[in-house]
Amino acid sequence: MNAALWLAGDALLPSRIQMAFTLATHVLLVPLGVAFPALTLVMEGIGLFRKDPVALKIARRWSVVMAVQFAVGAVTGTILSFEFGILWPRLMGRFGPALGLGFAIEGLAFFLEAIFIGIYLYGWRRLSPRTHFLLGLTLPPVGVLGAASVLSANAFMNTPGGITLQAGRVVDVNPAAALFPAALGYEFWHFIIAIYMTAGFAVASVYAVAWLRGRRDHYQRLAFAVPFTIAAALTPVQLVIGDLSARALVEDQPAKFAAIEVTWTTRDHNPEVIGGFIDNAGQVHLGIALPSLDSLLVGYSPNAVVRGLSGFAANTRPTAVEASIAHLAFDAMVGLGSAGALLAAWYFLTLLRRRRLPESTWFYRLAALAGVGCYLAVEVGWVTTEVGRQPWIVYGLMRVSDAVTNAPGAYVWTMLATLVVVYALIAYFFVTLLMRLGARWRDEDAPEEGAPYGPRPQRFAPDA
Amino acid sequence: MPELLAFVLLLAITAYSTAGGVDFGAGIWDLLAGTSPRGREARALIDHSMAPVWEVNNVWLVLSIVLCWTAFPPLFQAAFADLYPLFTLALIGLILRGAFFAFRHVADSPRAHRMSDLVFGISSVLTPFFFAASLGAIASGRVGHGVAQACLNPMALAFGLVSVAATAFSGASFLVGDARRYRAAEMVGYFQRRVIASGSVLIAVGTLALVVIGLEAPSLLRSMLLGAGLPFALVTVVVTPVVMWLVWRGLFRLYRVLTVAAVGSLVFAWAFAQSPYLLPGSLTIQQAIAPPGTRAVLLAVTVVLVLMIVPSMGLLYYLDQRSTLESP
């Protein structure tokens, strides 16, 4: 297909690409946005409890990064809220009374977060250390509340509930059931742990690089060990939660489960396929099949019957391409999670046996990669759940193609191109700013001023 | 209760128009400041007063959008189905503004700096213009008649222009306050003159807009001048010159509160004149409201918002004010 044909087409394809692009970008900002305050507070708590000025300095610097990151996340989040209207007006037009509830609570959380991040930054110099720390303690729960409410909306799209439909219109809403759909339980724990892991590994990776560059002082050790320990401790928990989530799909979203396992026919002794892809005829290529393992995992017996894609009508299940994408994304997520668990095991074994941090260069090389690995895992996790739900935007009730805007395809392609350029600019500014902060802070005594939401320099100097 | 939720939505839109308006207005003066030494000083002041809170006003915008799609889904669907070009332009302006405001603190070369000033300034004009234009399009009663009819109409243009004048006015008024706070005497005079200029423009453009409304939506004008919109229209008409007079005479008391009152009443005058219609002629509050279960949650969220936001915002404001009092 050539470009002219694409431009003449309808808005469905570019709308899906645009939503995927903007969501994939926003979700990169979520781990630090939600979980960084907790890490910072742990560090501040260590500083206060042990009277350690280095820990307090680290916490102050982290709070600056936290604010910059929050500001960028606020922009990309605002864009997403408009896209619900620009790209998917009929989704909210029909399901707004139920799907919107989570977002309303998220609006509240976002508001509180903006204010308390401001207070936290302003308060460093102007509140007593104790009051500052105590006010800061509002940030982690508010962040979790925000994430939980967005997850509630996503869970509604996966397992809708709590609504009465009449002629396509929502006539009655049971708020409790709409806010707590079946999928929320596992989506919540799986994602909250994922973002705490990601934040921990990502922050630690900065100091793993510092270690590799030869910095081995108290500052580096503290800034590495605190976030890494938290993330590493959560890794095994995540393996269990992830496993429970996948199992829950068997009941809640069977077509998605069939897609991520590329199972075509409903059968017992179903193999677990690792890698590979499925074609339109239901043939799996290039994958490694482990006999009966899928049946064993689902039903604890090789005789357990697993539903296949062919058991669903063609217009109610993911296409072969979508199923292959969800499958590969799922495998990548599991692979990355298992690699993280091995690294965590290495870390804790060294701590237990030698009573000190690891000193192996290879350990720090892997730790430096763990941050990126976690971000990748978060991305492919979202790909799994979103692509695996296709062709539905609200499972079983509304197709993506029925929610899309009437705008011409060319319009959405143009908007998408504009957004890609603007996002590239924002990413460039964001990275430049972080690198500058990093360079400035290699100097021990550099100040932490000059962040958005933070206190301004105390005097107004026209020549500055 | 449906009316109450419509009022909450109106409050969120008004908060964005007034608080966000001050920010956009500062951006407009940044664009107009030029490159003279005095212009550079003005720009530095603008930068200094905006730095800690840039984009925090997005909260009001997001709240408005979320309230709209949860409480009044048919309004949301109809408005976006016909007005998506206006919303897209406003949105792009909003992102560019935020990005380039940040970038000018990072820019190395003078050229990059000038370019980011320019993008920041232009997007500060375009964003409020297109947001208000979408309200004008709604007020015109042409949402539902197709994209071209709804977007390209004189009411959208009139609302957009009024909002640009109003944001410039509130920006100038608050910058007078910031100049006083930082004891930049020359800048006080600089922005005093701009309050008078933009206030006069606001009155002129506002009058023209009334003519346009009279021609395009006579029933809306009638209830603005004779119905529910009247008290608020009156407040705007009286308070705007009062602010200009106070600032001109150097009576620096209450002028910022009155600025907010003048701009807020403008939004109220439109909304009350249009009620009970969300889309004039086609969709009322009662027709669009979400089922009772949803309303109850939204009301609870509003109550919690007020209970938690007011004290915490007070604390933030107190800390901000204390910071400047502390300076040597």
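## How to read the model

Residues are numbered from 1 along each chain as its sequence is written, while chains are lettered from A and ligands numbered from 1 in the order in which they are written. Because the model is predicted, local features need pLDDT of at least 70 and side-chain atom pairs count only at pLDDT 80 or more, whereas totals for chains, interfaces and linings use all residues.

## Chain A as a whole

Chain A holds 15 helices and 8 strands; helices (H or I, at least four residues) and strands (E, at least two) are DSSP runs, numbered from the N terminus. Its C-alpha atoms fill a box of roughly 65 × 55 × 45 Å along the principal axes.

Of the 464 residues of chain A, 49% are buried. Buried here means that 20 or more other C-beta atoms lie within 10 Å of a residue's own, exposed means 12 or fewer, and partly exposed is in between, with C-beta atoms placed from the backbone. Residues are in contact if their C-beta atoms, placed in that way, lie within 7 Å. Among contacts in chain A between residues at least 6 apart in sequence, 76% join residues at least 24 apart.

The expected span of a helix is 1.5 Å times one less than its number of residues. Of the 34 residues in H3(A), 28 are buried.

H4(A) tells another story. A straight helix of 38 residues would span 56 Å, but H4(A) spans only 46 Å between its end C-alpha atoms. There is a kink of about 95 degrees at Gly96(A), shortly before Pro97(A); the bend is the angle between axes fitted to the seven residues ending at a residue and the seven starting there. H4(A) is mostly covered, with 34 of its 38 residues buried.

## Where the chains meet

In chain A, 62 residues are in contact with 61 residues of chain B. The elements giving two or more residues to this side of chain A are H3, H4 (89–126), strand S2 (169–173) and helix H15 (409–441). H4(A) supplies the largest share, 25 residues.

## A look inside

The largest nonpolar core has 263 residues, and those with the most contacts inside it include Leu39(A) and Leu83(B). Such a core is a set of buried Ala, Val, Leu, Ile, Met, Phe, Trp, Tyr and Cys residues joined through C-beta atoms within 7 Å. Leu83(B) touches residues that include Ala137(B) and Val143(B).

Val226(A) sits in helix H9 (residues 218–252) of chain A. With 23 C-beta neighbours inside 10 Å, Val226(A) counts as buried. Among the residues that Val226(A) touches are Leu39(A) and Met43(A).

## Chain B

Chain B has 13 helices and 2 strands. Its radius of gyration is 20 Å, close to the 20 Å that the globule rule gives for 328 residues, so chain B is as compact as a globular protein of that length. The C-alpha trace spans about 60 × 40 × 40 Å along its principal axes, and 58% of the 328 residues count as buried.

Terms used: Contact = placed C-beta atoms within 7 Å. Rg over C-alpha atoms; globule rule 2.2 N^0.38 Å. Lists of a residue's contacts leave out its neighbours within four places in sequence.
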